[in-house]
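Here's a quick briefing to read with the model open beside you.

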Amino acid sequence: MSLKHERMLQRNASKRIDMSQVIQDPTWIDSILTASRPQVVSALLRYFRDMDTAEEAYQEACLRALRNWPQNGQPRDPAAWLILVGRNAALDGTRRKSRDVALTPDEMISDLGDAEASLVERLDDSQYRDDVLRLLFICCHPDLPATQQIALALRIVSGLSVAQIARAFIVSDAAMEQRITRAKARIAKADVPFETPGPVERSERLAAVVTMIYLLFNEGYTAGNDPARASLCDEAIRLARLILRLYPTEPEIMGLTALMMLQQSRLRARFDANGEAVLLEDQDRNLWNTKLINEGVALLEKAMRHDRPGPYQVQAAIAATHARAGSFEETDWLAIDGLYAALERMQPSPVVTLNRSVVAEKLRGAEAALAMIEPLEKSLSGYFHYFGARGAFLLQLGRTVEARSDFDRAISLATTPAQAAHIRQHLDRITKDAE
Amino acid sequence: MLYTLLCYNKEDVVWSWSKEEDDAVMARLNVVHEKLVKEGKLGPALRLLPTTTATTLRGPDMVIDGPFAETKEQLLGFYVIDVPDLDSALAVARDLSAANPTSIYEIRPVALYVPEARENAPKERVKAY
């Protein structure tokens, strides 16, 4: 049993739970509770229209599952079981609290009339889809800054503890608690749309959710070698799988999921034993996770069949081209160049051009690459990678003095020790060659 | 008699297993596999990628993203084919569909392929009907 659920049991010991009834190690229950969480919390949110009530109801349902399932076995539809039990438990609580009131306010029990049997039936796919999308969308409220959106999604949808999220964002538990409380307060005030969304609204929600998932992934990906932060990548992939199962025909969702899987497949090769970043060209490709690569490539193939290309698909295709190459030397640079050109057209940005210049250098030499990025100096004047790349091109062309100045500039802009260390290797080489 | 054992589980749970958890299950399964190989009982075995990677062909022209999800039809059989990509797999499925138009074909990439390991593996068709 995970610490999370174990603590939950202890905390609720006052509710007279007979611990002897709980099997010592029901890990299967744990994984079902975690996997069911988005569906259950989002359905309970639809019933109660209040985040805290929905969460408490979910917690209560989990407690009862931990007590009940070891003896009675796993229900046929665990999510439906948890929704029903959570809903009834919360309604009992509401009734007890308002004993003096003759009737529970109608809006609190809008679905009380449902027969139990029909509940399971009503949880058809489209309902479930809108519930989960709503829950994710609430976390992506435009009033919330991106970091709060992510924190809220991790807390509410993924069910990570405040401490876990705090560790991932490298802030104190108290600061994260406050951040989440504030975010919740803000969305409580905002209008949360509970009616079933129309097609336009739905696709806008989806876009917001997809962006949030990608931000979440990048939080983890750029974190370097910190396992607590890197786990954000796994969480992002888990959420993407969830969205993909609900919306199986959206090529950009397939593309995003593929992109994240292909990037994450290199996790074990990206850092050496000292935690230093290892460049793509130096990575031990045997450490790449072929399971993730195959799944990512399969998803990308599905996406491309739709003939509706988008930035996520193109970036996934770039990652897939790297993943397919047996060695760095075998990389199909021509294909990657074409993909970057497509990305530049879809999403013109100096960073994309900078990335393309690295490919241009392989195909057409440092001179051509340099010409490509010289106009970008103004817009990328604070960007580590710009001066790292330009320095490398200048160095190749024998313009050592300019290269050294760019490398110095890059070091001053480095955001991780690994970045700085990498540039220092170039500088050491210049010094050595000069001797 | 040849039998097929079909394995069902919740893929969101299984594909969220950590590498350690996955390895532990595979190690336990491998013990069973090895016993079956020794006894000459194990034919080819497959582990499939999740249903999110599935594509379904209903009739020669209707390609649907996602797995076969109806409950009206039952699983009647399966093929393992070796082709370079999804488009080629779809082409094969289209041929099958043209030959057997009422059947639906779900195309799912194979995650793990354990080859036939029996010394006495049949070289000819084995029919049970």
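How many residues does the largest nonpolar core have, and which of them have the most contacts inside it? It has 116 residues, and those with the most contacts inside it are Leu44(A), Leu136(A), Ala153(A), Val209(A), Ile213(A) and Ala236(A). Keep in mind that this is a predicted model: local features need pLDDT of at least 70, side-chain atom pairs count only at pLDDT 80 or more, and totals for chains, interfaces and linings use all residues. Residues are numbered from 1 along each chain as its sequence is written, with chains lettered from A and ligands numbered from 1 in the order in which they are written.

**The core**
- A nonpolar core here means a set of buried Ala, Val, Leu, Ile, Met, Phe, Trp, Tyr and Cys residues joined through C-beta atoms within 7 Å.
- Buried means 20 or more other C-beta atoms within 10 Å of the residue's own, with C-beta atoms placed from the backbone.
- Helix α2 (residues 27-48) of chain A gives the core its largest share, 11 residues; helices are DSSP runs (H or I, at least four residues), numbered from the N terminus.
- Domain 1 (4-123) and domain 2 (373-435) of chain A both contribute residues, so the core lies between them; the bounds come from an automatic or database domain assignment.
- Another core, of eight residues, lies apart from it and includes Ala54(B) and Tyr105(B).

- Leu216(A) sits in helix α10 (residues 199-221) of chain A.
- Why does Leu216(A) count as buried? Because 26 other C-beta atoms lie within 10 Å.
- Leaving out residues up to four places away in sequence, Leu216(A) touches Ile150(A), Ala153(A), Leu232(A), Glu235(A) and Ala236(A); contact means C-beta atoms, placed from the backbone, within 7 Å.
- Leu232(A), Glu235(A) and Ala236(A) are among the buried residues of α11(A).

**Where the chains meet**
- 17 residues of chain A are in contact with 14 residues of chain B.
- On the chain A side, α2, α11 and α13 (290-304) each supply at least two residues, and α13(A) gives the largest share, seven residues.
- By class, that side has six nonpolar, three polar and eight charged residues; Ala, Val, Leu, Ile, Met, Phe, Trp, Tyr, Cys and Pro count as nonpolar, Asp, Glu, Lys and Arg as charged, and the others, Gly among them, as polar.

**Confidence**
- Chain A has a mean pLDDT (the predictor's confidence in each residue, from 0 to 100) of 83, and 86% of its residues reach 70 or more.
- Over residues 12-24 of chain A the pLDDT is below 50, and over residues 100-118 of chain A the pLDDT is below 50 too.

Terms used. A residue is buried if 20 or more other C-beta atoms lie within 10 Å of its own, exposed if 12 or fewer, and partly exposed in between; C-beta atoms are placed from the backbone. Two residues are in contact if their C-beta atoms, placed from the backbone, lie within 7 Å.
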